[in-house]
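Hi,

Here is the structure I promised to pass on. Have a look at it, and then read on for what turned up.

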Amino acid sequence: MASMTQNLAPEDARNAAREVRKRRLQAFFFVVPLLVFLIFAFVAPIATMLYRSVHNPTVANLIPQTLAALEDWSGEGVPDDAVLIQFAADMKRMANDRTSGQLADEINRALPGMSSVTKSTARALRRVDDAEIAANGAAMLLEANARWGEAATWRAIRDAGPIYSSSYYLTSVDLERDRDGNIVQRDTQIYVQLYTKTLKMALIITGLTIVLGYPLAFFMAHASSSLANFLMVFVLLPFWTSLLVRTTAWIALLQTGGVVNSTLQWFGIIDDPLQLLYNEFSTILAMTHILLPFMVLPLYAVMRGIDSSYMRAAISMGSTPLGAWSKIYLPMSLPGLSAGALLVFIISIGYYITPALVGGTDGQMISNIIAFHMQVSNNWELAAALGSLLLVLILVLYWLFDRFVGTDNLKLG
Amino acid sequence: MKDLGSETFLRFDNVKKSYDQKNLVVKGFDMDVKEGEFITLLGPSGSGKTTVLMMLAGFESVTSGDIAIGGKSINRTAPNKRNIGMVFQNYALFPHMTVAENLAYPLSVRKMPKAEIKERVAQYLALVELSEFGDRRPGQLSGGQKQRVALARAMIFQPSLILMDEPLGALDKNLREQMQFEITRLHKQIGFTVIYVTHDQTEALSMSDRIAVFNDGVVQQCAPPSELYERPVNAFVADFIGENNFVAGQVTQIKDGIAQVKTDAGLIAARAAEGLADGAACRVSIRPEKLFIHPTDHAHDNALTVTFNTRIYVGDFIRYYFKMPDGTDIIVKVLNDLSAPEFGDGAQAQLLSLTHDCTAFPAG
């Protein structure tokens, strides 16, 4: 190229460059709406989530002076009276601002049972005179509830203080800091187990969609186009019905008095109804059904492009049909297979609605616990940390996929 | 041809094929092929030639009749046990394997030792002059190179029979001629038997030992190229192979296989084709290069009086268009030399021909 520009007159080069710039600008304008949309709907929320998972200013905003006073405390025994008096004054202010509930939630997360303690103390201190608190605040606090006399309570308040904290990530992987600041296992192991189960279920669902989808796509790719289109309608049918309707249909089928159980009982195959709903089984079943099109569509698109002559060539050269399939057809259909598997796997890892409806307690996946922390326990920071971990997990899996299968081996239709 | 007997290597015996249980696509195909022959199945698309090839390869079942190789029926032999090499129009090179791996595939399926495979692959790459390309992927090759790899792959396991299904259909004209030469060279050098399917008659004429012309599921004529061109047995073959003029007329007399035909433009003595009846309407076929414009030094038996219409300059020759009295066109090819005559608009001309270059077919 360099030698070509040398042969170009400066004016021509300028013109050519201007043309290229113009074309780039035009191309850019085409994607501006999408870019704006993505920044608002995708980049910004994810950035907020990542930020939120380490940023929690609630306690620091509510009781800044108490936290400042607590800095000198050794961590053993009851803090000085000055600290207690400052805290009593803060409690009174919060009781009148109606913000004491927020503090109660925050402390309660670290130390269960502190919610009611905090609220009742706030109520007790609401109408007390300021001078009285300044003189006698420490005693009043201890009188309101004995737990204000425990070191653990104050440690919990102190540890909730920092605006930036890694504690939510530690919690997400079932770890915590002990009194000396060492990272140790938590007593209750919830999240690692849940991540593992989510991965396992996603793998099973991916495997099932392959087992069901590959032969179907193969058959459709080799059928006449009218038959293939007819079958395609059945594959796409789930896409055209509401997700909620499809999931409720599974409930109608699988529940204790549902179609499956009553049929089996009618034939006398079983005496008592089977527990088919609200467990892992029903979650996997319903999700396999819902995600099957994501496997079939890319597979079909790739297989449709594989001419029958490849298999015929292999067979004419002496290969058995099975050998020809594994050595020739499978590698050629791999782009579709890996695209389908990646789609199904990533979608199912973050799936929410189906496990929530048919999963019961057994079939819960990681996204259900994230929703729980956002809607019920109101712990958005932990939800954000769990969500960020899920994102990292998916990125790692994608990297592994790229490393071993290669994304250039991917064909999404 | 049935009397070749012991020499026969491949035999089709009244082979029929129906896909829909109602209509026959191949209506009773008979042919005996000798070892080392180059046979072309030629015909318009949908004439059944590819179906015959697919039945031979084993990818389509035989509805009735028998296909035998070396005297043994292969009707029930699985396609992977037939030991038949095959070349496809789209080459069917495995895109995820290198050229060398493609060539090694039929050998590794046969569990040949690695060292021997390597040696054989190198030998066949050299044979098709692609020794430098063993490590390339098919996607990095040109059309002609792909075709050569496909050929080498079909030959490398030394099958006694190689089938080619329009192998040059995807190539441009120059490359096609080059590859025709290449295939002929390999055929002569190695001596395998070839069944070649094409709809391109030039390809068929220049390469084959014998050509079977298909139409509508029936072989119209099976003969060496020159016989097919010079002595077509029916009007379809005469029309399908090469260019031809058809002159309508009436048979006035048939004697010793020579028919006297009365046409609007004059009398023609022509070889009588099978089925031609005295007094019946007929069509006389005369090739454009076998017609000469008066005056000429060529000997001639027949003369037709026609009107000059136009002439088209092609390059190495000139095409003259004349009108018969009934308005149909008659074309004459004249070599582009000093003898090419000039005509004024609507001038009369005499077209001369020899009796053995004219064939009279029954009309219709």
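To start with charges: Lys and Arg count as positive and Asp and Glu as negative, while His and the chain ends are not counted. The place of a charge is taken as NZ of Lys, CZ of Arg, CG of Asp or CD of Glu. On that basis, the mean positions of the 38 positive and 43 negative charges of chain B are 8 Å apart.

Some ground rules. This is a predicted model, where local features need pLDDT of at least 70 and side-chain atom pairs count only at pLDDT 80 or more, while totals for chains, interfaces and linings use all residues. Residues are numbered from 1 along each chain as its sequence is written, chains are lettered from A and ligands numbered from 1 in the order in which they are written, and side-chain values use heavy atoms, with hydrogens and water left out.

Staying with chain B, its secondary structure comes to eight helices and 20 strands (DSSP runs, H or I of at least four residues for helices and E of at least two for strands, numbered from the N terminus). Of its 364 residues, 49% count as buried (buried is under 20% relative accessible area, exposed over 50%, partly exposed in between, with a 1.4 Å probe and protein chains only). The C-alpha atoms of chain B fill a box of roughly 75 × 45 × 35 Å along the principal axes.

Now the salt bridges (a side-chain nitrogen of Lys or Arg within 4 Å of a carboxyl oxygen of Asp or Glu). Over all chains there are 22. In chain B, Arg185(B) pairs with Glu182(B), with the closest N and O atoms 2.9 Å apart. Both sit in helix H5 (residues 173-190), three residues apart, about one turn of the helix. Arg185(B) is partly exposed at 25%, whereas Glu182(B) is buried at 8%.

Another salt bridge joins Glu342(B) to Arg311(B), at 4.0 Å between the closest N and O atoms. Glu342(B) is in the loop between strands E18 (329-335) and E19 (348-353) and Arg311(B) is in strand E16 (residues 302-313), so the pair ties together parts 31 residues apart in sequence.

Over in chain A, Arg52(A), Glu106(A), Arg109(A) and Glu381(A) are linked in a network of salt bridges. Asp90(A), in helix H5 of chain A, is buried, with a relative accessible area of 2%. By contrast, Asp72(A) is exposed at 73%, and lies in the loop between helix H4 (64-70) and helix H5 (81-97).

Cheers
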